[in-house]
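Here are my notes for you to read alongside the model.

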Amino acid sequence: MSLPSFNLLAQSILSGVFIGALYGLIGLGLGLTWGLLRQINLSHFGLVFLGGYLSYQMAHSWHMDPLLALLLVPPLFFFIGVAMQWVLSRFAISPFNSLLVTFGITVVIESGIQGVWTADYRKLESPYNAMKFMVGSLYVPVPELLTLVLALAVSFGIWAAMRYTDLGKAMRAMAEDGPIAAAFGVNSRSLALLLAGACAALAGVAGVCLALTFTLAPSQIFAWVGVVFAAVMLGGLGSALGPLVAGVIIGVSEAVTMAVASPSWAPIVSFSLLIVMLLLRPAKVGA
């Protein structure tokens with residue numbers, strides 16, 4: 001095993017930051033749903049890919065700038081998330097049952113994507129694909145940079161809202177002790193619908209970023225589950241900034257491992273970190 005050059009190592013770290021930001025962005029909505037609503041929403045991954053395919057279709061058929069899809073896809077997904085939460089709450093789905101139900105929804109979404117777009121690989125062609133610039137000796141691709149900026153903006157925006165607004169404080173109170181929060185006038189049902197819609201909208205944002213940087217295929221939906229779950233668990237359930245920080249740590253660790261050793265070793269890193277974390281500390285709900 002030979003050590004990589006300084007430039008290769010620095011480029012690998014930068015690439016790890018970019019992919020880690022996407023891990024964190026995908027995991028943000030999943031972690032908030034899991035930590036605050038006590039639902040393990042696997043359909044989040046299906047929504048991410050559906051958002052990616054919709055942005056691809058808008059660019060392919062309507063010649064729309066992919067970034068304009070951010071004005072259309074998240075609002076649509078908000079209402080989808082509200083509808084899903086309404087159904088789940090009507091039947092009082094437990095956390096374990098939510099895992100099974102949303103897994104089924106993910107399979108339905110995957111089948112729907114395959115029925116509309118087939119199982120072939122799809123690549124969103126946009127003016128951003130070839131855009132890159134140099135910072136010293138490092139290449140900075142514009143699509144990955146856009147993903148990083150969006151991940152930072154969304155994560156810090158949600159963190160500030162959860163910490164400093166009455167709505168965010170009410171959501172945290174609902175997660176900590178629902179009956180006590182209700183006694184103080186917190187409408188848990190409405191807050192749950194709002195939060196589920198917001199998390200689905202976050203899946204739409206992540207889907208657009210995914211399409212900007214990766215080739216899409218329905219079979220890849222479940223390939224993202226493990227590493228994003230690791231980012232969510234490492235970052236903390238219900239945390240706004242945790243998944244982003246954990247995602248960057250995992251992304252950089254994987255990128256450096258691929259540069260130093262072999263790409264086949266990269267998945268070992270994220271799951272080793274997850275196992276160590278689960279052994280050393282329990283998950284906590286926090287903002």
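1. Helices (H or I, at least four residues) and strands (E, at least two) are DSSP runs, numbered from the N terminus. For spaces, the search runs on a 1 Å grid over the protein atoms alone: a cavity is a set of points where a 1.4 Å probe fits but cannot get out, while a pocket is an open set with protein on both sides within 12 Å along at least five of seven lines. A residue counts as lining when it has an atom within 4 Å of a point. Grid points are joined across faces, edges and corners, and the volume is the space filled by probe spheres set on the points.

2. Ground rules. This is a predicted model, where local features need pLDDT of at least 70 and side-chain atom pairs count only at pLDDT 80 or more, while totals for chains, interfaces and linings use all residues. Residues are numbered from 1 along each chain as its sequence is written, and side-chain values use heavy atoms, with hydrogens and water left out.

3. The largest pocket. Its space comes to about 350 Å³. It is lined by 22 residues, and S15, I19, Y23, F214 and M258 are the closest to its centre. At least two lining residues come from each of α1 (6–37), β2 (138–141), α5 (142–164), α10 (242–260) and α11 (266–280). The top contributor is α1, with six residues. By class, the lining has 14 nonpolar, six polar and two charged residues; here Ala, Val, Leu, Ile, Met, Phe, Trp, Tyr, Cys and Pro count as nonpolar, Asp, Glu, Lys and Arg as charged, and the others, Gly among them, as polar.

4. The second largest pocket. This one holds about 280 Å³ of space. Of its 15 lining residues, L37, Q39, Q85, S188 and A192 are the closest to the centre. The helices α1, α3 (73–90), α6 (166–176) and α8 (188–213) each supply at least two residues of the lining, and α8 has the largest share, with four. The lining splits into nine nonpolar, four polar and two charged residues.

5. Q85, worth a click. Q85 sits in helix α3. Is it buried or exposed? Q85 counts as buried because its relative accessibility is 6%, and the cut-offs are under 20% relative accessible area for buried, over 50% for exposed and partly exposed in between (1.4 Å probe, protein chains only). Not counting residues up to four places away in sequence, Q85 touches L37, Q39, A192, L193 and A196, where contact means heavy atoms within 4.5 Å.

6. The largest cavity has about 100 Å³ of space. Its lining includes Q85, along with T33, Q39, N41 and H44 among others. Two or more lining residues come from each of α2 (43–61), α3 and α8, and α3 gives the most, with four. The lining of this cavity has six nonpolar, six polar and no charged residues.

7. Aromatic rings. Rings of Phe, Tyr and Trp (its six-membered ring) pair if their centres lie within 6.5 Å; planes under 30 degrees apart count as stacked, over 60 as edge-to-face and the rest as tilted. That rule gives eight aromatic pairs. One of them is F45 with F229, stacked at 6.2 Å centre to centre with 15° between the planes. This pair links distant parts of the chain, with F45 in helix α2 and F229 in helix α9, 184 residues apart. F45 is buried, at a relative accessible area of 2%, and F229 counts as buried too, at 16%. Separately, Y23, F214 and W224 form one aromatic cluster.

8. The core. A nonpolar core is a set of buried Ala, Val, Leu, Ile, Met, Phe, Trp, Tyr and Cys residues joined through side-chain atoms within 4.5 Å. The largest one has 80 residues, and F45 and W224 have the most contacts inside it. Its largest share, 15 residues, comes from α1. Leaving aside neighbours within four places in sequence, F45 is in contact with I26, L30, I221, W224, V225, V228 and F229.

9. Last stop, A230. This residue lies in helix α9 (residues 225–235) and is buried, with a relative accessible area of 0%. Beyond its neighbours within four places in sequence, A230 is in contact with I250, S270 and L274. A230 and L274 are 44 residues apart in sequence but 5.5 Å apart in space, C-alpha to C-alpha.
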